[in-house]
Amino acid sequence: MPRDLHPRLLRGFVATAETLHFGRAAERLYVAQQALSRDVRTLEGLLGDTLFVRTTRSVELTPAGQRLLPRARRLLALHDEILAEAGAGAAARPLLLDLNSDVTGPDLTADRVLQRARAAWPEGELLARFHGGLAAAAAELLAHRLDASFGRFAGLPAPVRGQLAQLPVRLERISVMMADTHPLARRPVLRPAELAGHPVDICAGNPATTEWADLGARLLREHGLAAAEPYVPPVGLDETARYLARHGDPMLTTVGGPKIPGSVNVPLVEPVPLCLVSLVHRPGERHPGLRALAAAAGELGTAESWLSRPAGSWLPAADAELVAAARNTAPASGG
């Protein structure tokens with residue numbers, strides 16, 4: 001059977017050989033000393049040689065370790081050169097981003113992150129498309145026909161989530177959109193209980209947005225409300241206006257979206273329902289455009305408290321866990 005030599009094992013060996021101290025080498029590599037020691041033992045097993053003489057007071061290279069050190073340095077340098085060239089190639093090609101919407105608006109999360117990232121990374125190209133729906137975008141991501149998207153990650157099937165990575169970006173407030181002739185259209189805000197007797201459209205007829213329909217179904221179920229019939233979804237502002245006028249059902253959406261002709265957007269309160277929007281991509285994606293998007297999302301989120309949850313709000317447990325995990329892994333501020 002062929003034996004694979006992972007670069008991580010060589011990096012651990014080189015760091016230990018250069019410091020002659022497992023503790024300092026582990027600090028240099030930002031790993032636990034126990035993990036570094038395990039990697040060195042694994043490397044010794046693969047090569048069939050002892051690389052270090054260890055005592056309670058010192059660490060010294062064996063002759064086998066001395067022979068390996070210059071070759072390990074050359075191999076790591078070649079490895080890093082290959083990755084650098086791959087990164088340059090990634091920078092040369094555009095990053096394809098699905099904004100998870102067929103319309104744009106001044107306060108839509110994806111639009112704002114995209115504009116800030118473009119301003120911060122003018123030498124690169126971020127190409128946006130507007131097909132809408134994270135469920136559909138996830139399939140494109142896994143097929144390598146798309147680089148990133150925005151949407152409700154927790155609503156994807158577990159096998160799909162297991163193949164993708166996400167960065168929580170914003171807790172968006174949920175509202176209902178309806179024709180301005182609807183009996184509830186004059187309300188400045190609506191409590192979920194006030195929607196009783198008015199079936200709510202959760203876009204259940206759209207296979208591209210099953211993650212959103214899942215959120216809507218959870219919200220309606222917890223508040224004893226009914227879902228509207230699953231209609232064929234509209235595309236674009238004008239078609240959405242016709243759709244709302246024709247079917248008459250309040251449609252679940254988010255606050256801050258675009259103005260639809262002949263319609264109103266009414267926030268839900270007591271509780272304030274929330275949707276967690278994440279930046280979703282393939283694990284290990286190295287495109288500099290993705291780093292620009294992540295940085296832009298972080299800057300906007302910090303400046304405007306995008307991940308702060310208002311008191312008395314509603315958020316599914318799976319989404320809340322993603323927010324909590326992001327907070328626990330965020331770097332501590334200095335001072």
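**Strands, helices and loops**

Modeller: β5 pairs with strand β9 (residues 272-281) over four bridges, in the antiparallel sense. Pairing here means that DSSP finds at least two bridges between two strands. Strands are DSSP runs of E with at least two residues, helices are runs of H or I with at least four, and both are numbered from the N terminus.

Colleague: And what's the model itself?

Modeller: It is a predicted model, where local features need pLDDT of at least 70 and side-chain atom pairs count only at pLDDT 80 or more, while totals for chains, interfaces and linings use all residues. Residues are numbered from 1 along each chain as its sequence is written, and side-chain values use heavy atoms, with hydrogens and water left out.

Colleague: Which residue in β9 does F150 stand opposite?

Modeller: L279.

Colleague: How many bridges join β3 to β5?

Modeller: Two, and β3 (residues 95-98) runs parallel to β5. D98 has S149 in β5 as its bridge partner.

Colleague: Are the faces of β5 buried or exposed?

Modeller: Strand β5 covers residues 148-151, and both of its faces are covered. A148 and F150 are buried on one side, and S149 and G151 are buried on the other. Buried means under 20% relative accessible area, exposed means over 50%, and partly exposed is in between, with a 1.4 Å probe and protein chains only. In a regular strand, side chains alternate between the two faces of the sheet.

Colleague: OK, helices. At what angle do α1 and α3 cross?

Modeller: Roughly 110°, and the axes of α1 (residues 7-19) and α3 (residues 33-47) come within 9 Å. The two helices are therefore roughly perpendicular to each other. That label covers 65 to 115 degrees; under 35 is roughly parallel, over 145 roughly antiparallel, and the rest oblique. Axes are lines fitted to C-alpha atoms, for helices over the stretch in contact, and angles run from 0 to 180 degrees between N-to-C directions.

Colleague: Which residues make that contact?

Modeller: R8, L9, L10, G12, F13 and T16 of α1, with L36, D39, V40, T42, L43 and L46 of α3. Contact means heavy atoms within 4.5 Å.

Colleague: What about α5 and α10, how far apart are their axes?

Modeller: The axes of α5 (residues 109-120) and α10 (residues 288-304) are 8 Å apart, and the helices pack at an angle of about 115°. On the α5 side, R112, V113, L114, R116 and A117 take part, and they meet α10 residues including A292, L293 and A296.

Colleague: Now the loops. Where is the cis peptide bond?

Modeller: It joins E270 and P271, with omega about 0°. Most residues other than glycine have a negative phi, and most peptide bonds are trans.

Colleague: What is phi for S305?

Modeller: Near 55°, which is positive, in a residue other than glycine. S305 sits in the loop between α10 and β10 (313-314) and is partly exposed at 42% relative accessibility.

Colleague: Last one: what does R327 touch, leaving aside neighbours within four places in sequence?

Modeller: L307, S308 and R309. R327 is in helix α11 (residues 317-329) and is partly exposed at 48%.
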